[in-house]
Amino acid sequence: MVEDPLATADCLQITREVGFDSLLTRAHPYTTACPLPFQADSVKTARDVTRTTLRGWGLSELSDDAALVVSELVTNAVRYTRGHTGLTLLLMRVAPHVLLAVADPSDEVPTRKEPDFISENGRGLYIVETYSQCWGWDPLAQGGKAVWALFRTEH
């Protein structure tokens, strides 16, 4: 649930003004980008990078929820965009928010399904929606998309 729609809109406006393409290819303050191969162990790498980055920003309290959400975003990208070259994990601090994004080369729009709590899959975007303030996706100029989740920080 969005607690402060104006602050959320401001954060998302920044990403759209700067552009995910720029954020993924150039160094920006309080931004970490990590290329990941299309393989299952990229999920662990993404969790580790997320935890380390948040700890470095003094935001350890977000680590568990953010790592869970990143796991789901990377898992979805690996599962649904097979045969491509790679993914990019992006973390961006725009106080009072942290934006997590996974860019992949697929133009397929992510859609949340009603979770089947008996099945072993199909709950990814439900988990992203539950643990983040909000989530969405943006198309990339060179093709593909960035699927993102926004977290509000205490400071």
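Predicted model: local features only at pLDDT ≥ 70, side-chain atom pairs only at ≥ 80, totals over all residues.

Residues are numbered from 1 along each chain as its sequence is written, and side-chain values use heavy atoms, without hydrogens and water.

Colour the chain by pLDDT, the predictor's confidence in each residue from 0 to 100. The chain mean is 82, and 77% of residues reach 70 or more. Helices (H or I, at least four residues) and strands (E, at least two) are DSSP runs, numbered from the N terminus.

Next, select Val74, Leu87, Leu89 and Leu100, which touch the most other members of the 29-residue largest nonpolar core. Such a core is a set of buried Ala, Val, Leu, Ile, Met, Phe, Trp, Tyr and Cys residues joined through side-chain atoms within 4.5 Å; buried means under 20% relative accessible area (1.4 Å probe, protein chains only). H4 gives the most to this core, seven residues.

Now select helix H5 (residues 124-131), whose buried residues are Gly124, Leu125, Ile127 and Val128. They lie on the same side of H5, because they cover an arc of only 155 degrees around the axis, taken from the directions from the helix axis to the C-beta atoms.

Finally, select cysteine 34 and cysteine 134: the former is buried at 15% relative accessibility, and the latter is buried with a relative accessible area of 15%.

Conventions:
Buried < 20%, exposed > 50% of the residue type's maximum accessible area, 1.4 Å probe, protein only.
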